[in-house]
Amino acid sequence: MSVDGTWEVSMNTPMGEQKGTLTLSTEGGALTGRMETAMGAEDIADASVDGNNAKWSIALTKPMPVTLKFDATVDGDTISGKVSLGMFGSSDLTGTRAS
């Protein structure tokens with residue numbers, strides 16, 4: 001199953017549960033996308049895809065500067081993995097395909 005699509009995702013962070021909409025698209029082996037949360041929207045960077053596995057990062061500026069690093073696997077209409085929260089440790093990532 002492709003990582004392409006729109007995903008409703010959730011992460012447990014030191015600031016509580018954070019929900020967002022993640023859009024991923026692959027073309028010619030390249031992965032692009034965008035994540036929208038209550039804090040705003042950011043494009044993904046440093047992205048790669050290998051089959052059903054994807055890695056990317058997002059540089060946040062609010063509420064404080066931190067780069068989140070994602071390592072996720074798609075299984076059908078679910079996505080799961082880990083998010084490195086910089087100095088704040090790591091969190092589980094879970095989500096379902098919205099489209």
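Pro-14 lies in the loop that joins strand S1 (5-13) to strand S2 (16-27), strands here being DSSP runs of E with at least two residues, numbered from the N terminus. The model is a predicted one, in which local features need pLDDT of at least 70, side-chain atom pairs count only at pLDDT 80 or more, and totals for chains, interfaces and linings use all residues. Residues are numbered from 1 along each chain as its sequence is written, and side-chain values use heavy atoms, with hydrogens and water left out.

Pro-14 has a relative accessibility of 62% and therefore counts as exposed (exposed means over 50% relative accessible area, buried under 20%, and partly exposed in between, with a 1.4 Å probe and protein chains only). When neighbours within four places in sequence are set aside, Pro-14 is in contact with Leu-85 and Phe-88, contact meaning heavy atoms within 4.5 Å. Ser-90, 76 residues from Pro-14 in sequence, has its C-alpha 9.5 Å from the C-alpha of Pro-14.

The chain as a whole contains nine strands and zero helices, a helix being a DSSP run of H or I with at least four residues. Its radius of gyration is 12 Å, close to the 13 Å given by the globule rule for 99 residues, so the chain is as compact as a globular protein of that length. The radius is taken over C-alpha atoms, and the rule is 2.2 Å times the number of residues to the power 0.38. Along the principal axes, the C-alpha atoms fill a box of roughly 35 × 20 × 20 Å.

Buried residues make up 32% of the 99 in the chain. Of the contacts between residues at least 6 apart in sequence, 30% join residues at least 24 apart.

One aromatic pair was counted. The ring centres of Trp-56 and Phe-70 are 4.9 Å apart and the planes meet at 10°, so the pair is stacked. This pair links distant parts of the chain, with Trp-56 in strand S6 (residues 53-60) and Phe-70 in strand S7 (residues 66-75), 14 residues apart. Rings of Phe, Tyr and Trp (its six-membered ring) pair if their centres lie within 6.5 Å; planes under 30 degrees apart count as stacked, over 60 as edge-to-face and the rest as tilted. Trp-56 is buried, at 2% relative accessible area, and Phe-70 is buried, at 3%.
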